[in-house]
Structure formats: C-alpha cells, structure tokens
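Q: I would like to learn how to read a structure like this one. Could you walk me through it?

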Amino acid sequence: MAPRAPALLLAVAVAAAACVAASAQSRLGRIVVSGVVPCNTGTLIDVASSPAFPDAKVELRCGGGAVARATTGRDGSFQMEADAVAGALGALVGACQLVVDTPLAKCNATLPAAGALVSSLQGPLPGMLGSVFRLAPAGFSFRMN
Ligand SMILES: *[C@@H]1O[C@H](CO)[C@@H](O)[C@H](O)[C@H]1NC(C)=O
C-alpha cells in the first residue's frame, strides 16, 4: 500500500493541472436571457396572443438551483444575466429552464393559484456582442406541481 501512495498523489496532481489548463482555455462569457411571460395556461403559450404577466418572479434554474432571477415589468418582459463558459453553452441550454415563481392567479384571479409556468431555453440568438450570448425562452408551458 505504502509504495502506491506517491503514484496516486502524482495522478491527482496531473489531473488537477489538466483541469486548470482546460479552464484557462475555455472562454468565460455572460449569458443574457430575455423574454416575455404570458398570463395564460397551456402548452408553448403564444405570447403575442396572450395578456402579459407583470410583476412575475422568473428564475433560471440549472440542475435544481437558481443561477439568475428577474421580475417582469408591466409589459411582462424580463431580462437576466449569468456567467457562462462559452464551451459549455450547449450543455447549459439543455440543463437549465426558466421557472415562474409567481402563481398565475396573481395576474388573473380566474387562473390557477398553484402550478407554474416553465420554459426551456433556446439560443444563442444571432447578434452576439463580444462574449455575451443571448438566450430566450423556447415557450412557456403551464405545469401543475
Ligand atoms: C382571465 O382568464 C380567463 C380564463 O383563461 C379568460 O377568459 C379571461 O379573459 C382572462 N382575463 C383577462 C383580463 O385577461
């Protein structure tokens, strides 16, 4: 057992060095997620034909944890920013979703007081400025929870 320990330490050190080198190569950037939250139930709700959801709390959740938050304005629009590694953008788009934390009953009393609007992300949208990647909701759908 004793002779193996230095070899194991060396392997760990090499792996750690490789990680540092890899992260130095990945470009760090910002993502900006913006869109409009509809005051409606349904699947892939069309924001153009739905009333807007003002004062809605929107979270960007990746693997369960919230990485960014925003509150919609009077027109239902929101914008939020988060750090991103450029090379991991595809994974981020696949692993994250937007969740509206405010119940629909807040924008229309006849709509449910439970459940939430959720949307996956689409992007990056064209028109990238520097290292800012623009993402948008792929479409909000109502989920009971
Ligand atoms: C509230 O929701 C109901 C049910 O979807 C709809 O018929 C009504 O038009 C909505 N009211 C407003 C003010 O948007």
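A: Gladly! A polar contact is a pair of N or O atoms within 3.5 Å; within protein, one must be able to donate a hydrogen and the other to accept it, and residues adjacent in sequence count only if both atoms are side-chain atoms. Here, a polar side-chain atom of Thr110 sits 3.0 Å from an oxygen atom of the ligand, and one of Asn108 lies 2.3 Å from a ligand oxygen atom. This is a predicted model, where local features need pLDDT of at least 70, side-chain atom pairs count only at pLDDT 80 or more, and totals for chains, interfaces and linings use all residues. Residues are numbered from 1 along each chain as its sequence is written, and side-chain values use heavy atoms, with hydrogens and water left out.

Q: Which residues are around the ligand?
A: A residue is near a molecule if one of its heavy atoms lies within 4 Å of it. Around this ligand, those residues are Pro51, Asn108, Thr110 and Leu111.

Q: Is Pro38 buried or exposed?
A: Buried means under 20% relative accessible area and exposed over 50%, with partly exposed in between (1.4 Å probe, protein chains only). Pro38 counts as buried because its relative accessibility is 1%. Of the chain's 145 residues, 33% count as buried.

Q: What does Pro38 touch?
A: Contact means heavy atoms within 4.5 Å. Leaving out residues up to four places away in sequence, Pro38 touches several residues, including Pro51, Phe53, Leu104 and Phe140. Pro38 and Leu104 are 66 residues apart in sequence, and 9.2 Å separates them C-alpha to C-alpha.
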